[in-house]
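Work through the exercises below with the sequence and the model in view. Try each task before reading its solution.

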Amino acid sequence: MNELSRRQVLKTGAALAAVTAFGIGTLLSRDAFAAIEQLTLVAPAKPGGGWDQTARSMQEVLQGAGIVSAVQVENVAGAGGTVGLAQFANRKGDASAVLVGGLVMLGAILTNKSPVSLKDVTPLARLTGEYEVIVVPAASDLKTMADLSAKLKADTGAVSWGGGSAGGTDHILAGLVAKAVGADVTKLNYVAFSGGGEALAAIVGGHVTCGVSGLGEFEAQIKAGELRALAISSPERLAGLDAPTLKEAGVDVELANWRGVFGAGELADADKKTLLDAVDAMVKSDGWKKTLETKGWMDTYLAGDAFSSFLGEEETRVTAVLKEIGLVS
Amino acid sequence: MGTLDALLQGFAVAFTPAHLMWSLVGVTLGTAIGVLPGIGPALTIALLLPVTYHLDPTAAFIIFGGIYYGAMYGSSTTSILLNVPGETGSIVTAIDGHVMAKKGRAAAALATAAIGSFVAGTLATIGLSFVSPIMVKIALLFGPAEYFSLMLLAFVTVSALLGSSILRGMTSLFIGLAIGLVGIDTQTGQARFTFGLLPLLDGIDVVVVAVGLFALGEAFHVAFREARRPEEISSVTGSLWMSKEDWSRSWKPWLRGTVLGFPLGALPAGGTEIPTFLSYLIEKRLSKRPQEFGQGAIEAVAGPEAANNAAVAGVLVPLLSFGLPTSATAAILLAAFQQYGIQPGPLLFTSNSTLVWALIASLYLGNLMLLVLNLPLVGLWAKLLLIPRPMLYGGIMVLSMLGVYSLKNSIFDLWLLIGIGGVGFLMRQFEYPVAPLVVGLILGPMAEEQFRRAYAIAQGDMSVFVTHPISLLLLILTAACVIGPAVLRRRKVAAA
């Protein structure tokens, strides 16, 4: 009894001390570093999705590391992020908010004929990425990527691809692969599923020939032997995944479903620098590294002008493939 | 006996005071959000994720499970009392449930919904504990062709909702189908009927339409009528509790609803809506008093309410045993598992058996808590209807606006809601049933999507719908539902 209560007292004391130290620490760090008082992170999607999770992780790290005093997340969902983008584009010159976005938004701008594009905002940085994996059910007679490539080339329409929404990352990868193996991209038989789960069921159940999605969606089923990974879209092999890269398998394609942040359009140079510095401080913090690890996100940090020129190249490539698939005229 | 042992261990974990408290927190929160249209369990769990990250995973999942089950209980309450379906799974409940409430039988409707939910939830949780692996195998047999045939079968149920005039019912259904076309086409990514309006790209949300038609339409209708006849005052009449007859009319629908809801919920594209439609149809077909349907038949509340709760448990089957999320809420739960570094899937029951069984055990307890929480309150809830109408309907409108705004924080949705409310008012005024519209809106896009998927995969070969055995079976059932009653009637006439 006595021992227990003493231990409890000690514990409580320690906890109190920790809280106080934390409080003082935050106060100190705020005074010393907080370059920005308030920042709104616009996640152009419903709570729970990739962009929302990115925004909420950023919120935690930016506040936790004392880079920004107060961060709030605002969800403006709809149409592959273009609804949020259109709203954000109205904030010209406003440095108090940043928009989270990524490759899916790039595709959605094109397929939705969005009146607003990434030219109306200021690219700040690419933050994370996830690679795409091509899978077949365990019982499939397609054993390697070469088998799939051959089948695709021989009869493009006979290979049905199960993946996410039309014009999204999965669809883009299927198009790029078909193009790279010399198949007729106009005959690409891509079957769009709304949630990851529905696609997964169709693939495991053998209702489509192969599946394509972010590695995270299929990882458990690959490990359990329900699905066979044919290839991964990363530049190098990934640890823990027994599959070659597309390039190794003779398909010259590399693709990451990247996510990044954008500032408002017509941003003053000083404001842009402040935001870039804040993002840079966030990426270099321990909290961010820990977040990447727990979420299984790849660090693909690329900031400022380098990110802008990457965006330009990505846009050219995506536009070309979406045109060939026939989604964009 | 491995399963039973594991389940008992799960109970041991769930029965600790802390976990019981979290379960109570979950079911209370779930009931509250179920009451609000628009705020569903998916959104709530997503918003709670950062907070619960500091709890241990078992406690967090006990809360989430409670929210999930609780939401279904809560939404039936508002469906019955206020004609405001809190979740899409309770749209069917509103049809007869609200008529019962207006006739002074709110308490009986609420009680059959609560007890039916408890019975179905408990039986389905037992199903979840024991037949998960088999269910997943069956679910995987369903591809786009099978789903399309299932949707066709569900479409037949609309005939049960059409009301007295076929022409009016069909008109309502086709308005729903037309609204369902609005938005980005899933297979090609092209926009349809959006008139260049950005907020329409994602289509018109079923919740906006359902709340507009049911709640606002009703409020406008009452306001219009009350202005003419101010003397009309509603009162609670009849027995407050379920009568002996109510019990005997309810227990079979409860069981049938469970049998329908659980497997359909486990299907990757099943959802909670289709089982409620099918349940309504079956109850109407089997009832000795089909003419009472639409006029406040207790079976029409008991069956669908059991079906939606059983479906909720069904959704957990593919999620836990295959890592397969089949609804928005399941997708969020999957994200929550991953946040703790746990991967649901074929290996979950072995790698994290304590967590899974504690979660399942807490679902049994949560169900019991929900019953205890909801039943004594039934009388209290029913008194809500004694609130003077201007205040009651004013409150309903506030609740509706708040719920719809919380969907997407979109002002556009509010204008849409008011517009649809106007449509609902006119439909009531000219005696068009509103339920077929909502059914068309839910089923239309699903059926189209599945049909085009099946068609694409088969490279344009239409025979897939009859060469797949399950699909063929469903088509035969559909045909039997359409032709059967006519043949039976003719025989009866011939015999007489």
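The model is predicted. Over all chains, the count comes to 25 salt bridges. The exercises take up some of them, then turn to a strand.

**Exercise 1.** Find where A:Asp52 and A:Arg56 lie, and decide whether each is buried or exposed.

*Solution.* 
- Start with the contact: the two side chains form a salt bridge, 2.9 Å from N to O.
- Buried means under 20% relative accessible area.
- A:Asp52 has 2%, so A:Asp52 is buried.
- A:Arg56 has 19%, so A:Arg56 is buried too.

**Exercise 2.** Classify the accessibility of A:Glu219 and A:Lys223.

*Solution.* 
- The side chains of A:Glu219 and A:Lys223 meet in a salt bridge, 3.6 Å from N to O.
- Both belong to helix H8 (residues 215–223) of chain A; they are four residues apart, so about one helical turn separates them.
- A:Glu219, at 31% relative accessible area, is partly exposed.
- A:Lys223, at 57%, is exposed.

**Exercise 3.** Identify the strands that pair with strand E5 of chain A.

*Solution.* 
- E5(A) spans residues 160–163.
- Four bridges join E5(A) to strand E6 (residues 189–192) of chain A, in the parallel sense.
- Within this pairing, A:Ser160 stands opposite A:Asn189.
- From E5(A) the chain passes through helix H6 (residues 169–180) of chain A to E6(A), a right-handed β-α-β crossover.
- Strand E7 (residues 210–214) of chain A also runs parallel to E5(A), with two bridges.
- There, A:Trp161 has A:Cys210 as its bridge partner.

Terms used
Residues numbered from 1 in each chain as written. Chains lettered and ligands numbered in written order. Predicted model: local features only at pLDDT ≥ 70, side-chain atom pairs only at ≥ 80, totals over all residues. Heavy atoms only, no water. Buried < 20%, exposed > 50% of the residue type's maximum accessible area, 1.4 Å probe, protein only. Pairing = 2+ DSSP bridges. Right-handed = clockwise from strand over helix to strand, strands pointing away. Salt bridge = Lys/Arg side-chain N within 4 Å of Asp/Glu carboxyl O.
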